[in-house]
Amino acid sequence: MLRRVVVTGASSGIGAASVRRFAELGWRTVAVARRADRLAALAAETGAYPVVCDVTDEAQVADLAREVAASGGADALVNNAGGALGVESVEHSRNDDWRRMFEVNVIGLRNVTAALLPVLRDGIRAERGTAGGPGGHGWASILNLTSTAGLAAYPGGGGYNAAKYAAHAVTEVLRLELAGEPIRVMELAPGLVHTEEFTLNRVRGDVEAARTPYENVTPLTAEEVARVLVGAFEQPPHVNQDLIVLRPVAQSSVFHVHRGPLEAKP
Ligand SMILES: NC(=O)c1ccc[n+]([C@@H]2O[C@H](COP(=O)([O-])OP(=O)(O)OC[C@H]3O[C@@H](n4cnc5c(N)ncnc54)[C@H](OP(=O)(O)O)[C@@H]3O)[C@@H](O)[C@H]2O)c1
């Protein structure tokens, strides 16, 4: 197998942690995001091949696909770029926020998947050629980072719920459409993860408000999510983990977060 993976949203949080974890396990990585300085630092640290690209821009994504093909191809894709904007009710939220969430979480995922599928297929054919035909080592993997917000609605979730439900649906459609090809389509839906920027962006830079969800609770870290994410790619290639739901123990549903120490009942 090529063991070369494209990770979008690699300039922070789960994406950056995933690039680090893939690199630790010997994968070659292509790190994609809009902030060049962050990608350069990650490239210097991990050996990742950095590509500056806004996943919502089709022309930039076409360039990304050309660059991935020209620099060694790929057999794996992580659609991780995404995020939330706002916690207002449906009634009081802003269409602009909804459009931006849909653009990055759904259209961006579609753009990158559509542009990279031919590159993944080229990788499969090349590997099968060298490995002696079907049954050889040519396989590809796609994993979409959705969220438990794509599986259960909550008040104030509005546009983010809608976008992640859509990303979940697109993942299921894709798996059906690729049936018969040696391409697995996986989904990772995390619950509460404390990353540096996710909630801060959601609450428009309000540092105090960004702390609230993580108070008196041990959330997941980006590194913990990355270990599970990369673990899905490390399974034998015919093993397809359709949907991985990952939460901290203290969070038993989107509505139930136990704050304070966890203790065995008497
Ligand atoms: N943190 C959580 O609690 C949580 C829970 C469940 C699911 N998730 C999902 O997990 C994924 C990663 O979340 P995170 O917590 O790691 O968030 P994060 O730290 O805010 O990272 C988001 C990444 O997406 C990139 N990005 C945003 N818009 C982009 C665009 N138009 N084109 C290319 N890259 C773009 C950002 O980089 P640039 O700004 O440099 O482009 C950044 O690297 C997201 O899809 C998020 O919805 C997060």
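Let's start with Gly 180. Gly 180 counts as exposed, because its relative accessibility is 82%. Buried means under 20% relative accessible area, exposed means over 50%, and partly exposed lies in between, with a 1.4 Å probe and protein chains only. Gly 180 sits in the loop between helix H5 (158-177) and strand S6 (183-190). Helices (H or I, at least four residues) and strands (E, at least two) are DSSP runs, numbered from the N terminus. From Gly 180 to Ala 59 is 121 residues in sequence, and 30 Å in space, C-alpha to C-alpha.

A word on the source. This is a predicted model, where local features need pLDDT of at least 70, side-chain atom pairs count only at pLDDT 80 or more, and totals for chains, interfaces and linings use all residues. Residues are numbered from 1 along each chain as its sequence is written, and side-chain values use heavy atoms, leaving out hydrogens and water.

Most residues other than glycine have a negative phi. Arg 204 is not a glycine, yet has a positive phi of about 55°. Look for Arg 204 in the loop between helix H6 (198-202) and helix H7 (207-211). Arg 204 is partly exposed, at 35% relative accessibility. Asn 216 also has a positive phi of about 55°. Its loop runs between H7 and strand S8 (220-221). Is Asn 216 buried or exposed? Exposed, with a relative accessible area of 60%.

Now inside. A nonpolar core is a set of buried Ala, Val, Leu, Ile, Met, Phe, Trp, Tyr and Cys residues joined through side-chain atoms within 4.5 Å. The largest one has 31 residues. Among those touching the most other members are Phe 22, Val 78 and Phe 233. Which helix gives the most to this core? Helix H8 (residues 222-234), with seven residues. A second, separate core has 24 residues, including Val 51 and Leu 117.

Take Val 78. Contact means heavy atoms within 4.5 Å. Beyond its neighbours within four places in sequence, Val 78 is in contact with residues including Val 5, Phe 22, Leu 143 and Phe 233.

Last, a helix pair. The axes of helix H1 (residues 13-24) and H8 come within 8 Å and cross at roughly 55°. Axes are lines fitted to C-alpha atoms, for helices over the stretch in contact, and angles run from 0 to 180 degrees between N-to-C directions. So H1 is oblique to H8. Angles under 35 degrees count as roughly parallel, over 145 as roughly antiparallel, 65 to 115 as roughly perpendicular, and the rest as oblique. Among the contact residues are Ile 14 and Phe 22 of H1, and Val 225 and Leu 229 of H8.
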